[in-house]
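Please look over the sequence and the fold shown here. A short report follows, going through local features one by one.

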Amino acid sequence: MYIEQVGERTLKDCKVLIVDDQASSRLVLETLLEDTVPCTSVSSGQEAIEYCKFHTPDLILMDVSMPELDGHQTTALLRSKPLCAHIPIIFVTSSSTDEEETRCWDSGCVDFVVKPVNACTLRNRVKSHINHKLRNDLLEKLIYVDKLTGAYNRHYLDDYLPRLVKDELRTSTPLALVIFDIDHFKLFNDMYGHLDGDSCLWKVSKTINDALLRPMDKLVRIGGEEFLVILPNTDVEGATAVTERLLKTVYDLNIPHSASGYGRITLSAGLAIKHDDASKTIDHVMLEADKNLYAAKTSGRNQLKAPSVVIKSISENHHAHLPIKSQSE
């Protein structure tokens, strides 16, 4: 008997990614699973990798024999990426030899099914592995998620950030860190009470989380009213644009704060970028972001301090775009 719901998610909330270069095979798998779990299909290993940059499937059905990138190569590439490393992958293969089975296990799959696919076997194996993943997701949530805000906590940061740094060094891609602080939050607590303070923290956290568009972008609560946004594969221009949107979104919440000069809850933010330079540690980048946050707060708050630019959040007199002006370090 299978559990149809684990925590807040059900099988119908999950997503299976089917990877197969044959349209007929994709159609067969989609048809067999249509009453079990929603499916999305792609026709190559490269398309699967591109898909997983912006989506996180709960399970992947991977054809073994494909041109260019076969199932083994695609799995290896996915396993090398921190956000994809724990997605369960079931191989779909036309060979049932011991040699092929061993190669499938060695490639990192959690299971495999043999073509022609048996409908009952496929459905039950997919259910079994998704339910196992849901249980793991629930356990990780209990360990890694801050109960009040729904953001990730420092335990998650300690596990996730080192893996991102390794990936950044391997792929030579920039990693952006943005530290946010709610302006005059102590005054807010003193004036409105801690229950409203908790509600404010939750609203700000949810708003930022909802505004992050990529699964790889993470929000972490690192202090009482202090948050960190992690933006992998993002340069200073991209991180500036994201932060601009986050500042505006929180400003537009219009949470009243009479002790603030803006009359509402606002954020200050500090940005720093880690490039593929092993000599500049992630601790150094975090310290740089924290220094930029301090500069934003001492410069009037309600703004981002980043390398060479300062971005102020939307005010009632600026409804279209956030103004940008140069500012030296």
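Is Arg 125 buried, partly exposed or exposed? Arg 125 counts as partly exposed, at 31% relative accessibility. The model behind this value is predicted.

## The Arg 125 salt bridge

Arg 125 forms a salt bridge with Asp 111. The closest N and O atoms are 3.5 Å apart. This pair links distant parts of the chain. Arg 125 sits in helix H5, residues 119-144. Asp 111 belongs to strand S7, residues 111-114.

Asp 111 has a relative accessible area of 13%. The limit for buried is under 20%, so Asp 111 is buried. Arg 125, at 31%, is partly exposed.

## The annotated domain

The UniProt annotation "domain: Response regulatory" covers residues 15-130, according to an unreviewed entry. The end C-alpha atoms of this span lie 9 Å apart.

Asp 63 lies in strand S5. Its relative accessibility is 4%, so Asp 63 counts as buried. Leaving aside residues up to four places away in sequence, Asp 63 touches Val 19, Asp 20, Asp 21, Gly 71, Val 92 and Lys 115.

## Helix H3

Helix H3 spans residues 71-79. Its buried residues are Gly 71, His 72, Thr 74, Thr 75 and Leu 78. Seen down the axis of H3, these buried residues fall within an arc of 165°, so they line one face of the helix.

What covers the buried residues of H3? The cover includes helices H2 (45-54) and H4 (98-107). It also includes strands S5 (59-63) and S6 (89-93). Gly 71, one of the buried residues of H3, is also among the residues that Asp 63 touches.

The N-terminal end of H3 is capped by Asp 70. A side-chain oxygen of Asp 70 lies 3.1 Å from the backbone nitrogen of His 72.

## Other salt bridges

How many salt bridges does the count come to? The count comes to 14. Asp 190 and Lys 186 form one of these, at 3.2 Å from N to O. Both lie in helix H7, residues 185-192. They are 4 residues apart, about one turn of the helix. Asp 190 is exposed, with a relative accessible area of 53%. Lys 186 is exposed too, at 61%.

Lys 248 and Asp 252 meet in another salt bridge, at 2.6 Å from N to O. Lys 248 is partly exposed, with a relative accessible area of 27%. Asp 252 counts as partly exposed at 41%. Elsewhere, salt bridges that share partners join Asp 20, Asp 63 and Lys 115 into one network.

## Two loop aspartates

Where is Asp 35 placed? Asp 35 is in the loop between helix H1 (23-33) and strand S4 (39-42). Its relative accessible area is 67%, so Asp 35 is exposed. The C-alpha atoms of Asp 35 and Asp 235 are separated by 42 Å. Along the chain these two residues are 200 residues apart.

Asp 217 is found in the loop between helix H8 (194-211) and strand S9 (218-221). With a relative accessible area of 8%, Asp 217 is buried. A polar contact of 2.6 Å joins the side chains of Asp 217 and Arg 214. Not counting residues up to four places away in sequence, Asp 217 touches Leu 212, Ile 230, Leu 231 and Pro 232.

## Strand S12

In a regular strand, side chains alternate between the two faces of the sheet. Strand S12, residues 303-306, is covered on both faces. Gln 303 and Lys 305 are buried on one side. Leu 304 and Ala 306 are buried on the other.

Strand S11 (residues 267-274) and S12 run parallel. They are joined by 2 bridges. Ala 269 stands opposite Leu 304 in S12.

Methods:
Residues numbered from 1 in each chain as written. Predicted model: local features only at pLDDT ≥ 70, side-chain atom pairs only at ≥ 80, totals over all residues. Heavy atoms only, no water. UniProt positions renumbered as here; feature names shortened; annotations may be inferred. Buried < 20%, exposed > 50% of the residue type's maximum accessible area, 1.4 Å probe, protein only. Arc of directions from axis to C-beta. Contact = heavy atoms within 4.5 Å. Polar contact = N/O pair within 3.5 Å; in protein donor to acceptor, adjacent residues only side chain to side chain. Pairing = 2+ DSSP bridges. Salt bridge = Lys/Arg side-chain N within 4 Å of Asp/Glu carboxyl O.
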